[in-house]
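Open your viewer and get ready to click along. We will go from stop to stop, and at each one you will hear what to select.

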Amino acid sequence: MNTEHVIIIGSGPAGWAAATYLARAQLNPLVFAGEKSGGQLMLTTEIENYPGFPQGILGPQLMADMRKQAERFGARVKDLNVERVDFSHKPFRITAGGEEYQAQAVLMTTGAESVWLNVPGEDKFVGRGVSTCAVCDAAFFKGKKTFVIGGGDSAMEDTLALTKFADSVTVVHRRDSFRASKIMQERVLKHPKVNVIWNSGVKEIKGDSKVTSIVLVDMNAKKEQELPADGVFVAIGHKPATDFVKNAIELDEKGFIVTRFVLEQKSLDLATKAVKDGMVPYLTMTSVDGVFAAGDVVDFKYKQAITAAGYGTMAALDIEKWLEESKDQS
Ligand code: NAP
(Lines give C-alpha, C1' and ligand atoms only; values in the text may rest on other atoms or scores of the structure.)
Protein backbone atom coordinates (compact mmCIF):
# COMPACT_ATOMS: atom_id res chain seq x y z
CA MET A 1 0.00 0.00 0.00
CA ASN A 2 1.24 3.47 -0.89
CA THR A 3 2.01 5.70 2.13
CA GLU A 4 0.88 9.30 1.67
CA HIS A 5 2.99 12.12 3.06
CA VAL A 6 -0.10 13.69 4.53
CA ILE A 7 -3.83 13.08 4.67
CA ILE A 8 -6.18 15.96 5.50
CA ILE A 9 -9.56 15.07 6.98
CA GLY A 10 -12.16 17.84 6.53
CA SER A 11 -12.88 20.45 3.91
CA GLY A 12 -13.67 23.81 5.49
CA PRO A 13 -11.36 26.84 5.25
CA ALA A 14 -8.73 25.19 7.50
CA GLY A 15 -8.57 22.07 5.31
CA TRP A 16 -8.40 23.91 1.99
CA ALA A 17 -5.85 26.46 3.19
CA ALA A 18 -3.65 23.62 4.47
CA ALA A 19 -4.15 21.63 1.26
CA THR A 20 -3.02 24.60 -0.85
CA TYR A 21 0.12 25.15 1.24
CA LEU A 22 1.00 21.45 1.38
CA ALA A 23 0.40 21.01 -2.35
CA ARG A 24 2.63 24.00 -3.12
CA ALA A 25 5.25 22.41 -0.83
CA GLN A 26 5.21 19.37 -3.20
CA LEU A 27 3.74 17.10 -0.51
CA ASN A 28 0.88 15.93 -2.72
CA PRO A 29 -1.79 15.94 0.03
CA LEU A 30 -4.83 13.69 -0.09
CA VAL A 31 -7.99 15.37 1.25
CA PHE A 32 -10.99 13.45 2.56
CA ALA A 33 -13.56 16.17 2.01
CA GLY A 34 -16.54 14.27 3.42
CA GLU A 35 -19.76 13.47 1.62
CA LYS A 36 -20.94 17.02 2.42
CA SER A 37 -17.81 18.89 1.40
CA GLY A 38 -17.26 22.50 2.53
CA GLY A 39 -18.32 22.60 6.20
CA GLN A 40 -20.29 25.33 7.94
CA LEU A 41 -19.84 27.92 5.18
CA MET A 42 -22.03 25.82 2.90
CA LEU A 43 -24.91 26.82 5.21
CA THR A 44 -24.26 30.56 5.02
CA THR A 45 -25.25 33.04 2.37
CA GLU A 46 -23.32 36.30 2.03
CA ILE A 47 -19.91 36.56 3.75
CA GLU A 48 -18.88 40.18 4.16
CA ASN A 49 -15.91 39.88 6.50
CA TYR A 50 -13.53 37.56 4.63
CA PRO A 51 -10.65 39.82 3.54
CA GLY A 52 -10.13 40.16 -0.19
CA PHE A 53 -13.79 40.28 -1.19
CA PRO A 54 -14.87 43.93 -0.92
CA GLN A 55 -18.30 43.13 -2.40
CA GLY A 56 -18.75 40.04 -0.20
CA ILE A 57 -18.92 36.44 -1.42
CA LEU A 58 -21.39 33.58 -0.99
CA GLY A 59 -20.21 30.90 1.47
CA PRO A 60 -20.58 27.96 -0.97
CA GLN A 61 -18.75 29.95 -3.68
CA LEU A 62 -15.85 30.70 -1.33
CA MET A 63 -15.58 27.01 -0.50
CA ALA A 64 -15.71 25.95 -4.16
CA ASP A 65 -12.97 28.49 -4.98
CA MET A 66 -10.78 27.33 -2.09
CA ARG A 67 -11.13 23.74 -3.27
CA LYS A 68 -10.27 24.70 -6.85
CA GLN A 69 -7.21 26.59 -5.62
CA ALA A 70 -5.93 23.56 -3.68
CA GLU A 71 -6.59 21.23 -6.64
CA ARG A 72 -4.77 23.60 -8.99
CA PHE A 73 -1.54 22.86 -7.11
CA GLY A 74 -2.11 19.11 -7.05
CA ALA A 75 -4.15 18.37 -3.93
CA ARG A 76 -6.16 15.17 -4.52
CA VAL A 77 -9.69 15.18 -3.13
CA LYS A 78 -12.01 12.29 -2.26
CA ASP A 79 -15.58 13.20 -1.28
CA LEU A 80 -15.72 10.47 1.32
CA ASN A 81 -16.37 10.41 5.07
CA VAL A 82 -13.62 8.89 7.18
CA GLU A 83 -15.01 5.92 9.08
CA ARG A 84 -12.07 4.90 11.27
CA VAL A 85 -8.56 5.95 12.19
CA ASP A 86 -5.68 4.07 13.75
CA PHE A 87 -3.09 6.47 15.14
CA SER A 88 -1.53 3.86 17.47
CA HIS A 89 1.49 3.29 15.23
CA LYS A 90 3.15 4.78 12.16
CA PRO A 91 2.31 4.97 9.35
CA PHE A 92 -1.16 6.06 10.47
CA ARG A 93 -4.14 4.20 9.01
CA ILE A 94 -7.37 5.74 7.85
CA THR A 95 -10.44 3.94 6.56
CA ALA A 96 -12.77 5.79 4.18
CA GLY A 97 -15.31 4.42 1.74
CA GLY A 98 -14.46 0.94 3.00
CA GLU A 99 -10.80 1.25 1.90
CA GLU A 100 -7.69 1.67 4.01
CA TYR A 101 -5.14 4.45 3.44
CA GLN A 102 -1.75 5.09 5.08
CA ALA A 103 -0.05 8.38 5.88
CA GLN A 104 3.03 9.67 7.63
CA ALA A 105 1.15 12.72 8.93
CA VAL A 106 -2.56 13.46 9.39
CA LEU A 107 -4.29 16.83 9.69
CA MET A 108 -7.73 16.95 11.33
CA THR A 109 -9.87 19.87 10.11
CA THR A 110 -13.33 18.40 10.60
CA GLY A 111 -14.83 21.55 12.17
CA ALA A 112 -17.68 21.95 14.61
CA GLU A 113 -21.41 22.29 14.16
CA SER A 114 -23.57 24.72 16.06
CA VAL A 115 -25.94 23.04 18.49
CA TRP A 116 -29.54 23.81 17.54
CA LEU A 117 -32.63 24.13 19.71
CA ASN A 118 -34.63 21.71 17.54
CA VAL A 119 -37.85 23.66 17.87
CA PRO A 120 -40.46 24.19 15.14
CA GLY A 121 -39.54 27.02 12.73
CA GLU A 122 -35.81 27.04 13.54
CA ASP A 123 -34.75 24.99 10.54
CA LYS A 124 -37.19 26.72 8.19
CA PHE A 125 -35.91 30.23 8.97
CA VAL A 126 -32.13 29.64 8.97
CA GLY A 127 -30.72 32.53 6.92
CA ARG A 128 -34.13 34.28 7.07
CA GLY A 129 -33.91 35.58 10.62
CA VAL A 130 -32.42 32.58 12.43
CA SER A 131 -28.62 32.57 12.77
CA THR A 132 -25.87 31.06 14.89
CA CYS A 133 -23.28 33.77 14.18
CA ALA A 134 -23.93 37.34 15.30
CA VAL A 135 -20.42 38.41 14.34
CA CYS A 136 -21.32 37.40 10.76
CA ASP A 137 -24.96 38.52 10.62
CA ALA A 138 -25.56 41.32 13.16
CA ALA A 139 -25.21 44.04 10.52
CA PHE A 140 -28.30 42.70 8.73
CA PHE A 141 -30.44 43.54 11.80
CA LYS A 142 -30.15 47.32 11.87
CA GLY A 143 -33.10 48.80 13.77
CA LYS A 144 -34.63 45.33 14.38
CA LYS A 145 -35.93 43.36 17.35
CA THR A 146 -33.57 40.49 18.08
CA PHE A 147 -33.34 37.59 20.52
CA VAL A 148 -30.29 35.65 21.69
CA ILE A 149 -30.76 32.20 23.19
CA GLY A 150 -28.20 30.94 25.72
CA GLY A 151 -26.28 32.01 28.81
CA GLY A 152 -22.64 31.32 27.97
CA ASP A 153 -19.87 33.56 26.63
CA SER A 154 -21.02 33.04 23.03
CA ALA A 155 -24.49 34.33 23.92
CA MET A 156 -22.97 37.36 25.67
CA GLU A 157 -20.70 38.07 22.70
CA ASP A 158 -23.58 37.73 20.25
CA THR A 159 -25.69 40.05 22.38
CA LEU A 160 -23.00 42.74 22.45
CA ALA A 161 -22.39 42.38 18.70
CA LEU A 162 -26.13 42.86 18.07
CA THR A 163 -26.41 45.96 20.28
CA LYS A 164 -24.33 47.83 17.69
CA PHE A 165 -27.10 47.44 15.10
CA ALA A 166 -30.39 46.16 16.52
CA ASP A 167 -32.98 48.29 18.26
CA SER A 168 -33.38 45.76 21.05
CA VAL A 169 -31.69 42.51 22.09
CA THR A 170 -33.53 40.13 24.40
CA VAL A 171 -31.49 37.33 25.93
CA VAL A 172 -33.53 34.22 26.70
CA HIS A 173 -31.93 31.84 29.18
CA ARG A 174 -33.25 28.58 30.61
CA ARG A 175 -31.97 29.25 34.15
CA ASP A 176 -31.85 32.22 36.54
CA SER A 177 -28.13 32.92 36.13
CA PHE A 178 -25.64 33.02 33.27
CA ARG A 179 -22.64 30.72 33.03
CA ALA A 180 -20.67 33.32 31.05
CA SER A 181 -17.61 35.06 32.52
CA LYS A 182 -18.50 37.82 35.02
CA ILE A 183 -17.09 40.62 32.90
CA MET A 184 -19.15 39.63 29.86
CA GLN A 185 -22.28 39.26 31.99
CA GLU A 186 -21.79 42.73 33.43
CA ARG A 187 -21.40 44.31 30.01
CA VAL A 188 -24.58 42.62 28.84
CA LEU A 189 -26.65 43.31 31.94
CA LYS A 190 -25.88 47.01 32.05
CA HIS A 191 -26.43 47.66 28.34
CA PRO A 192 -29.48 49.89 27.79
CA LYS A 193 -30.60 47.97 24.67
CA VAL A 194 -30.56 44.58 26.44
CA ASN A 195 -33.38 42.88 28.28
CA VAL A 196 -33.14 39.38 29.82
CA ILE A 197 -35.93 36.83 30.12
CA TRP A 198 -34.81 34.29 32.72
CA ASN A 199 -36.00 30.70 33.27
CA SER A 200 -37.43 30.48 29.80
CA GLY A 201 -37.14 28.27 26.77
CA VAL A 202 -38.09 28.67 23.13
CA LYS A 203 -41.16 26.74 22.03
CA GLU A 204 -41.41 27.91 18.43
CA ILE A 205 -40.11 30.44 15.92
CA LYS A 206 -42.84 31.78 13.65
CA GLY A 207 -42.84 33.77 10.43
CA ASP A 208 -43.89 34.06 6.80
CA SER A 209 -41.06 34.62 4.35
CA LYS A 210 -38.88 35.54 7.36
CA VAL A 211 -39.07 35.46 11.17
CA THR A 212 -41.89 37.55 12.68
CA SER A 213 -42.25 36.21 16.25
CA ILE A 214 -40.89 33.88 18.91
CA VAL A 215 -42.92 31.79 21.36
CA LEU A 216 -41.33 31.45 24.81
CA VAL A 217 -42.27 29.21 27.74
CA ASP A 218 -41.60 30.12 31.34
CA MET A 219 -40.00 27.02 32.90
CA ASN A 220 -41.57 27.57 36.33
CA ALA A 221 -45.00 29.03 35.61
CA LYS A 222 -45.28 26.97 32.39
CA LYS A 223 -46.82 30.09 30.84
CA GLU A 224 -46.34 30.88 27.16
CA GLN A 225 -45.83 34.27 25.53
CA GLU A 226 -45.46 35.20 21.86
CA LEU A 227 -43.24 38.23 21.19
CA PRO A 228 -42.57 40.05 17.93
CA ALA A 229 -39.09 39.19 16.59
CA ASP A 230 -37.02 39.87 13.46
CA GLY A 231 -33.96 37.84 14.43
CA VAL A 232 -33.24 34.82 16.64
CA PHE A 233 -29.60 34.04 17.39
CA VAL A 234 -29.05 30.56 18.78
CA ALA A 235 -25.90 30.49 20.95
CA ILE A 236 -26.14 27.28 22.96
CA GLY A 237 -22.75 25.79 22.11
CA HIS A 238 -20.87 23.94 19.40
CA LYS A 239 -20.29 20.25 18.80
CA PRO A 240 -16.98 19.35 17.20
CA ALA A 241 -16.90 16.48 14.67
CA THR A 242 -14.57 14.24 16.62
CA ASP A 243 -16.58 11.13 17.49
CA PHE A 244 -14.50 8.98 15.16
CA VAL A 245 -11.19 9.99 16.84
CA LYS A 246 -12.33 10.00 20.46
CA ASN A 247 -10.17 7.03 21.41
CA ALA A 248 -7.23 8.04 19.22
CA ILE A 249 -6.23 11.54 20.40
CA GLU A 250 -6.78 13.76 23.42
CA LEU A 251 -10.03 15.73 23.42
CA ASP A 252 -11.35 18.21 25.99
CA GLU A 253 -14.55 17.63 27.95
CA LYS A 254 -16.65 19.07 25.10
CA GLY A 255 -14.94 16.98 22.42
CA PHE A 256 -12.65 19.65 20.92
CA ILE A 257 -9.19 18.42 19.94
CA VAL A 258 -6.47 19.51 22.34
CA THR A 259 -3.41 20.74 20.48
CA ARG A 260 -0.06 21.69 21.93
CA PHE A 261 -1.06 25.34 21.61
CA VAL A 262 -3.59 24.69 24.36
CA LEU A 263 -1.33 22.32 26.25
CA GLU A 264 1.51 24.85 26.18
CA GLN A 265 -0.77 27.62 27.41
CA LYS A 266 -1.92 25.41 30.26
CA SER A 267 1.64 24.65 31.11
CA LEU A 268 3.64 27.80 30.62
CA ASP A 269 6.60 26.27 32.43
CA LEU A 270 6.77 23.52 29.85
CA ALA A 271 6.61 26.03 27.00
CA THR A 272 9.26 28.26 28.53
CA LYS A 273 11.50 25.26 29.06
CA ALA A 274 10.98 24.06 25.47
CA VAL A 275 11.94 27.46 24.09
CA LYS A 276 14.97 27.64 26.43
CA ASP A 277 16.05 24.22 25.18
CA GLY A 278 15.94 25.61 21.65
CA MET A 279 12.80 23.65 20.69
CA VAL A 280 10.00 25.52 18.98
CA PRO A 281 6.91 23.50 19.80
CA TYR A 282 4.58 22.39 17.02
CA LEU A 283 1.57 24.31 18.25
CA THR A 284 -0.87 22.56 15.91
CA MET A 285 0.23 19.03 16.86
CA THR A 286 -2.20 16.94 18.91
CA SER A 287 -1.37 14.52 21.72
CA VAL A 288 -0.13 12.10 19.02
CA ASP A 289 3.21 12.88 17.38
CA GLY A 290 2.48 13.37 13.68
CA VAL A 291 -1.25 14.05 13.99
CA PHE A 292 -2.13 17.72 13.68
CA ALA A 293 -5.40 19.65 14.01
CA ALA A 294 -6.64 23.08 12.95
CA GLY A 295 -9.75 25.23 12.61
CA ASP A 296 -13.04 24.98 14.49
CA VAL A 297 -12.39 21.39 15.60
CA VAL A 298 -9.80 22.95 17.95
CA ASP A 299 -10.95 26.53 18.24
CA PHE A 300 -13.92 27.04 20.55
CA LYS A 301 -13.27 30.74 20.81
CA TYR A 302 -12.80 32.65 17.53
CA LYS A 303 -14.71 30.34 15.12
CA GLN A 304 -14.31 32.52 12.02
CA ALA A 305 -13.59 31.39 8.45
CA ILE A 306 -10.50 33.57 8.32
CA THR A 307 -9.12 32.31 11.65
CA ALA A 308 -9.73 28.72 10.51
CA ALA A 309 -7.86 29.39 7.24
CA GLY A 310 -4.99 30.92 9.22
CA TYR A 311 -4.96 27.97 11.60
CA GLY A 312 -4.89 25.55 8.64
CA THR A 313 -1.90 27.43 7.27
CA MET A 314 -0.07 27.16 10.58
CA ALA A 315 -0.72 23.41 10.58
CA ALA A 316 0.54 23.03 7.00
CA LEU A 317 3.79 24.81 7.90
CA ASP A 318 4.16 22.66 11.03
CA ILE A 319 3.57 19.47 9.01
CA GLU A 320 6.08 20.44 6.34
CA LYS A 321 8.73 21.08 8.99
CA TRP A 322 7.84 17.97 10.99
CA LEU A 323 8.05 15.71 7.91
CA GLU A 324 11.43 17.26 7.10
CA GLU A 325 12.70 16.65 10.66
CA SER A 326 11.30 13.10 10.74
CA LYS A 327 13.17 12.35 7.51
CA ASP A 328 16.41 13.66 9.04
CA GLN A 329 15.94 11.42 12.06
CA SER A 330 15.21 8.22 10.14
P1 NAP B 1 -21.39 27.13 26.74
O2 NAP B 1 -20.45 27.81 27.66
O3 NAP B 1 -21.50 25.66 26.77
O4 NAP B 1 -22.84 27.77 27.02
C5 NAP B 1 -23.96 27.28 26.38
C6 NAP B 1 -25.19 27.97 26.97
O7 NAP B 1 -26.33 27.52 26.27
C8 NAP B 1 -25.40 27.69 28.45
O9 NAP B 1 -25.82 28.84 29.11
C10 NAP B 1 -26.51 26.62 28.43
O11 NAP B 1 -27.37 26.70 29.53
C12 NAP B 1 -27.27 26.98 27.20
N13 NAP B 1 -27.89 25.82 26.59
C14 NAP B 1 -27.30 24.64 26.24
N15 NAP B 1 -28.19 23.82 25.64
C16 NAP B 1 -29.37 24.49 25.63
C17 NAP B 1 -30.66 24.16 25.16
N18 NAP B 1 -30.92 22.98 24.57
N19 NAP B 1 -31.64 25.07 25.31
C20 NAP B 1 -31.39 26.27 25.88
N21 NAP B 1 -30.18 26.64 26.35
C22 NAP B 1 -29.18 25.75 26.22
O23 NAP B 1 -21.10 27.48 25.19
P24 NAP B 1 -20.50 28.81 24.55
O25 NAP B 1 -21.13 30.02 25.09
O26 NAP B 1 -20.55 28.59 23.07
O27 NAP B 1 -18.99 28.80 24.99
C28 NAP B 1 -18.17 27.65 24.72
C29 NAP B 1 -16.76 27.90 25.28
O30 NAP B 1 -16.15 28.95 24.52
C31 NAP B 1 -16.77 28.35 26.74
O32 NAP B 1 -15.65 27.80 27.37
C33 NAP B 1 -16.63 29.84 26.62
O34 NAP B 1 -16.04 30.44 27.78
C35 NAP B 1 -15.74 29.99 25.39
N36 NAP B 1 -15.98 31.28 24.72
C37 NAP B 1 -15.19 32.31 25.08
C38 NAP B 1 -15.38 33.55 24.51
C39 NAP B 1 -14.51 34.68 24.91
O40 NAP B 1 -13.68 34.50 25.77
N41 NAP B 1 -14.64 35.83 24.30
C42 NAP B 1 -16.40 33.75 23.58
C43 NAP B 1 -17.23 32.68 23.24
C44 NAP B 1 -17.00 31.44 23.84
P45 NAP B 1 -26.89 26.28 31.02
O46 NAP B 1 -26.03 27.41 31.48
O47 NAP B 1 -28.16 26.16 31.75
O48 NAP B 1 -26.16 25.00 30.85
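This tour visits the ligand, then some aromatic rings, and then a few loops.

Before you start, note that this is a predicted model, in which local features need pLDDT of at least 70, side-chain atom pairs count only at pLDDT 80 or more, and totals for chains, interfaces and linings use all residues. Residues are numbered from 1 along each chain as its sequence is written, and side-chain values use heavy atoms, with hydrogens and water left out.

**Stop 1: the ligand**

A polar side-chain atom of E157 lies 2.7 Å from a nitrogen atom of the ligand. Polar backbone atoms take part too: one of G151 is 3.0 Å from a ligand oxygen atom, and one of G152 is 3.3 Å from an oxygen atom of the ligand. Taken alone, the ligand exposes 920 Å², and the protein buries 75% of that; such areas come from the Shrake-Rupley method with a 1.4 Å probe.

**Stop 2: aromatic pairs**

Now look for rings. The whole structure holds eight aromatic pairs. Rings of Phe, Tyr and Trp (its six-membered ring) pair if their centres lie within 6.5 Å; planes under 30 degrees apart count as stacked, over 60 as edge-to-face and the rest as tilted.

Select F32 and Y101. They form an edge-to-face pair, 4.9 Å centre to centre with 70 degrees between the planes. This pair links distant parts of the chain, 69 residues apart: F32 is in strand β2 (residues 30-32) and Y101 in strand β8 (residues 99-108). Helices (H or I, at least four residues) and strands (E, at least two) are DSSP runs, numbered from the N terminus.

Buried means under 20% relative accessible area, exposed over 50%, and partly exposed in between (1.4 Å probe, protein chains only).

Move on to F292 and W322, another edge-to-face pair, at 6.0 Å centre to centre and 70 degrees between the planes. F292 sits in strand β19 (residues 291-293) and W322 in helix α8 (residues 305-329), 30 residues apart. F292 is buried at 0% relative accessibility, as is W322 at 7%.

**Stop 3: loops to check**

Most residues other than glycine have a negative phi, and most peptide bonds are trans. Keep that in mind for the last selections.

- K90 and P91: the peptide bond between them is cis, with omega near -5 degrees. P91 lies in the loop between β6 (82-86) and β7 (92-96).
- K222: its phi is positive, near 60 degrees. Find K222 in the loop between β15 (211-218) and β16 (224-228), where K222 is exposed at 63% relative accessible area.
- K303: here phi is also positive, near 55 degrees. K303 is in the loop between β19 and α8 and is partly exposed, at 22%.

Technical notes: Polar contact = N/O pair within 3.5 Å; in protein donor to acceptor, adjacent residues only side chain to side chain.
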